[in-house]
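Hi,

Here is the structure I promised to pass on. Have a look, and my notes on the helix packing follow below.

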Amino acid sequence: MYHVYSLPSELLATLSPRNLVTASEHQPSKSVPPKPPSPEPTVTPSTSSRTCNICPGALFSALEDQRAHFRSDWHRYNVKTRLTGGKLIGVYKALYSDPKDSSVYLDGLREMQHKSEEGRNWAMFMVAGGHFAGAIVRVSGLRGEEGESQTKKKKPPKPQPDTEVLRHKTFHRYTTRRKQGGSQSLNDNAKGNAKSAGALLRRYGEQSLRDDIRNLLTEWSEDIDSCERIWIRASGSNRKIFMGYDGALITKGDERLRTFPFPTRRPTQSELARCLLELTRVKITHFTEEELREQDEAYLQSLPKPKPAPTVPAPEPEKPKPVKLSKEEEILREKWSRLLEMVTKGRLEPLKIFWEREGPSFGSIDSRIPEWSGERRATILQVAVQAGHEDLISWLLEEAHADPTIPVPRRYDEPDNAGNLSDGSDSPKTVPAGTWRAAYDLARTKGVRDIFRRCAATHPDWWDWLGAGRVPSILSQHMEEVQEGKRKERRKGLKDKIREREAKEREKEKEQPPPPPTREASQSVPQSDSMTRRLGGTSGANEGVAGLTAEMRAKVERERRARAAEARMKGLNSR
């Protein structure tokens, strides 16, 4: 077993840093061409003379393969391990002044072997769960110790220990609840201050532990200042005990600070001794080429992968800038919005007044509705028919002379028969594909369709009602009177039929004989009579004595009982 600060000089002379076996495969250099891979050893008969005495099991069939093997990393590694007795030495990176710079590892290891006048000292501290352990240890002897001991004494000196504990201290305070974990301060920060007696004791224990550790650091201040490394094992909250307070001996950016590079157990004196031995003991291992290659590949995979180059998103199409409207255009848009609102809601009287005042600004009643309004219909008449306001449609056709033959615009996402869905039998037929529609095709009720037919009968020369207007037929006043007469006759005929049916039913009821009384009905009458006799009168006898005095009631009751007795006697004599 070797100590990291007292390695033999013969061993140091043969050491060299190990490079990655697969580094040339993964990261080839730009200036030096990559080396050819080591040829795979082949199994040949025992008579073959091309072998390698250092690499066991390496047999080659050709001289070129053997020469390439001598230049391979596997052969060089085996040669150096043969010189060091077949040993691979490893130490923790945290021992070096700059753990991240791998180029100075070998020089740093050699520099560790030089002894200083005051020796090399470490400070080691552990705190967890209310337990604390600290020590000041010497990991390297003083310069000239061996020479002085040999000059003063003729006898051979006793072997000096590799490490020596100069100071040590351990103590414990009650800071955590049993089987709960976590300190009382963390629990207070998460849930608020608890008011139990145990919480008060744990808070006092945390304060005592913090004060005791800081007092100990002050007492060991001279030894800590001379230490080469300061090892601290503490959680985030416990780490504030050692630094970050007024008069702290250890600053946060101190280059001597280190954390233990391996898991540790409960802070005790024996755990500090184990950690000291683990840090200062040199690890000796021996790996085959395959094991080294596996370790290298695992190391390369653990390295952070380069971030992929950010993909440049495709430029978004520029949105059309809103057109700035003039004052006249804004006023016209507001008028169109008011007009469409009145037509959609069926407000006829306000519409008449508005049209008389603002009609000339729109041009005519058949002006096309602008596209910016989002309206699917072309004219005001089509909007009114779609909404189904009969009085407004009649005014547009009769007084405003709106054109019913203007085609309805068809959108790409609108079916051919959109707008003319109705449950009436006289609704417009489905428009064939590829043909146009008119305002009449948007009607959903019979009342709206009749308005078009009446107007076509009254003013046949205004528009092409039956052609471009798609009105199926006219409806004159005479035709409406005839239809109304037919409806009245049908209603009258229906009423006569109902009366005849009711008369026949009444006659049938008279002709039928009355049904015989049932047995239950015949028996119910004598039962009620006998019951009244037994009780001494009819059911309304109690109502006859209401309002009488007590003497009158008694007299009436006696008379009733006498009559009942006489009735019973007569019944017995008749039998």
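Predicted model: local features only at pLDDT ≥ 70, side-chain atom pairs only at ≥ 80, totals over all residues.

I380, L381, A384 and V385 in α14 meet L392, I393, L396 and L397 in α15, where contact means heavy atoms within 4.5 Å.

Residues are numbered from 1 along each chain as its sequence is written, and side-chain values use heavy atoms, with hydrogens and water left out.

Back to that pair. Helix α14 covers residues 380-387 and helix α15 residues 390-398, and they pack at about 155° with axes 9 Å apart. Helices here are DSSP runs (H or I, at least four residues), as are strands (E, at least two), numbered from the N terminus; axes are lines fitted to C-alpha atoms, for helices over the stretch in contact, with angles from 0 to 180 degrees between N-to-C directions. α14 and α15 are therefore roughly antiparallel (over 145 degrees; under 35 is roughly parallel, 65 to 115 roughly perpendicular, the rest oblique).

α15 also packs with helix α13 (residues 348-362), at about 30° and with axes 10 Å apart, so α13 and α15 are roughly parallel. L348, L351, K352 and W355 of α13 and D391, L392 and W395 of α15 make the contact, which divides into five nonpolar, no polar and two charged residues.

And then there is helix α16 (residues 446-458), which packs with α15 at about 20°, axes 10 Å apart. That makes α15 and α16 roughly parallel. From α15 come E390, I393, S394, L397 and E398, and from α16 G447, V448, I451, F452 and C455. Six of these residues are nonpolar, two polar and two charged.

Elsewhere, have a look at helix α8 (residues 197-219): its 23 residues reach 33 Å from first C-alpha to last, close to the 33 Å expected at 1.5 Å a residue (1.5 Å times one less than the number of residues). Its buried residues include R202 and E206, with buried meaning under 20% relative accessible area, exposed over 50% and partly exposed in between (1.4 Å probe, protein chains only).

Overall, the protein has 20 helices and seven strands, and 30% of its 575 residues count as buried.

Cheers

Definitions and conventions: Nonpolar A, V, L, I, M, F, W, Y, C, P; charged D, E, K, R; others polar.
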